[in-house]
Amino acid sequence: MTLGPLVDDLFSRPPEEGLSLAFVVQHRGETVAERYGRQPANDFQPEQAITADSTLVSWSTAKSITHAAVGILVRDGLLDLDAPAPVPEWTGTEKEPITLLQLLEMRSGLHFVEDYVDGDASNCIEMLFGESGPSHAAYAAAQLLEHPPGTFWNYSSGTTNIVTRIIADSLDAPRDDPDRREAVMTEFLRRRLFEPCGMGSAIPEFDDAGDFVGSSFVYATTADFARFGQLYAFDGVTERGRGERILPEGWLDHARTQVATDPEDGRGYGRHWWLWPEFPGGLVANGYEGQRIIVLPNDDLVLVHLGKTDISAAQGLNERLLRIIGAVLG
């Protein structure tokens with residue numbers, strides 16, 4: 001089956017089933033499908049055409065980018081996954097034993113409500129858009145410990161932002177100078193991750209304390225998100241396995257080691273990457289509103305979808321993406 005009708009179907013969904021803004025599939029290094037849509041008008045900007053040069057928000061696909069940033073520093077010997085996470089306010093408390101690995105696995109035991117609708121109940125909305133204070137990490141780190149570390153899985157954007165503060169601390173970025181702290185982290189991401197991957201469009205965003213909001217905010221073109229997926233398809237080596245190793249050998253396996261299953265949809269979770277049962281050996285960076293970076297290393301395939309799809313219609317979107325992948329792989 002040709003891909004054209006399947007991509008047409010994806011982009012012509014009824015509004016209640018979601019909106020696709022950008023889509024690309026790369027197979028064996030070749031782009032086999034690519035399509036762009038239109039961004040509807042909103043309170044901040046008029047309707048606009050999305051193109052290959054448009055930078056779109058990652059939402060939680062940024063969490064997988066955070067996993068890569070951790071990997072670089074593990075390879076440098078600056079971070080130890082199994083040691084207690086270096087969070088100063090946890091020293092001498094029941095939270096002190098929480099490890100960096102448990103943070104990457106979303107098994108810290110900390111309270112955090114990851115809700116994208118109910119602003120009264122959601123820690124995520126309060127952290128990102130409310131009056132939680134200048135530091136997203138400080139807000140998340142101050143949450144109550146509800147379970148012994150390592151015993152309970154709870155998906156949490158706050159957890160990721162604790163990790164990004166640890167990253168900046170490991171780079172000796174000063175906490176008392178948010179502008180300098182942001183500059184140090186920006187330079188690290190640019191020089192050590194984005195440039196080696198060829199992600200020239202990537203723009204990370206920061207909180208008022210100068211820390212990378214690695215839970216949610218990287219803007220990039222669709223092709224650059226695909227380049228990030230290719231980095232994992234080739235276990236941390238750029239240029240489709242022919243360039244520079246920037247992640248530790250085996251970091252792909254580290255990402256796709258399943259540690260939990262989401263009770264809501266049955267999908268697995270690794271270390272800041274999702275694991276779909278339809279893709280043995282593959283991994284997926286999932287984001288709010290239907291953002292997807294699907295990486296199938298065994299098939300040398302990367303798919304990126306960016307758009308606006310309500311969680312109630314996510315299964316329909318996923319089924320369409322699965323049909324496209326099935327057609328590509330024959």
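**Entry 1**

I take helices to be DSSP runs of H or I with at least four residues, numbered from the N terminus. The model I examined is predicted. I began with the salt bridges, of which the structure holds 21. I first looked up Glu187 and Arg190, which form such a bridge with their closest N and O atoms 2.6 Å apart. Both residues belong to helix α7 (residues 178-197), and because they are three residues apart there, about one helical turn separates them. I then checked the accessibility of the two partners. Glu187 is partly exposed at 33% relative accessibility, and Arg190 is also partly exposed, with a relative accessible area of 33%.

**Entry 1. Arg240 and Asp300**

I next turned to the salt bridge between the side chains of Arg240 and Asp300, where I noted an N to O distance of 2.2 Å. Arg240 sits in helix α9 (residues 238-241), whereas Asp300 sits in the loop between β12 (291-296) and β13 (301-308), so this pair ties together parts that are 60 residues apart in sequence. Is Asp300 buried or exposed? I recorded 15% relative accessibility for Asp300, which counts as buried because the cut-off is under 20%.

Glu278, at 35%, counts as partly exposed. I also followed the salt bridges that share partners, and these join Asp9, Glu17, Arg320 and Arg323 into one network.

**Entry 2. Positive phi values**

I looked up backbone angles next, bearing in mind that most residues other than glycine have a negative phi. Asp235, which is not a glycine, has a positive phi near 50°. I located Asp235 in the loop between α8 (222-233) and α9. With a relative accessible area of 17%, Asp235 is buried. I then returned to Arg240, a residue of helix α9. Although Arg240 is not a glycine, its phi is positive, at about 55°. This is the residue I had already recorded as a salt-bridge partner of Asp300.

**Entry 3. Surroundings of Thr160**

I placed Thr160 in helix α6 (residues 157-170). Its relative accessible area is 0%, so Thr160 is buried. Which residues is Thr160 in contact with, leaving aside its neighbours within four places in sequence? I listed Lys63, Thr66, Met106, Gly214, Ser215 and His272.

Lastly, I traced an open sheet of three strands, which has the order β5-β7-β6 and antiparallel pairing. For Ile203, I identified Tyr219 in β7 as the bridge partner. I also noted that α8 packs on this sheet and touches β5 and β7. The direction of α8 makes about 115° with that of β7.

Methods. Residues numbered from 1 in each chain as written. Predicted model: local features only at pLDDT ≥ 70, side-chain atom pairs only at ≥ 80, totals over all residues. Heavy atoms only, no water. Salt bridge = Lys/Arg side-chain N within 4 Å of Asp/Glu carboxyl O. Helix = DSSP H or I, 4+ residues; strand = E, 2+ residues; numbered from the N terminus. Buried < 20%, exposed > 50% of the residue type's maximum accessible area, 1.4 Å probe, protein only. Contact = heavy atoms within 4.5 Å. Pairing = 2+ DSSP bridges. Axes fitted to C-alpha atoms, helices over the stretch in contact; angles between N-to-C directions.
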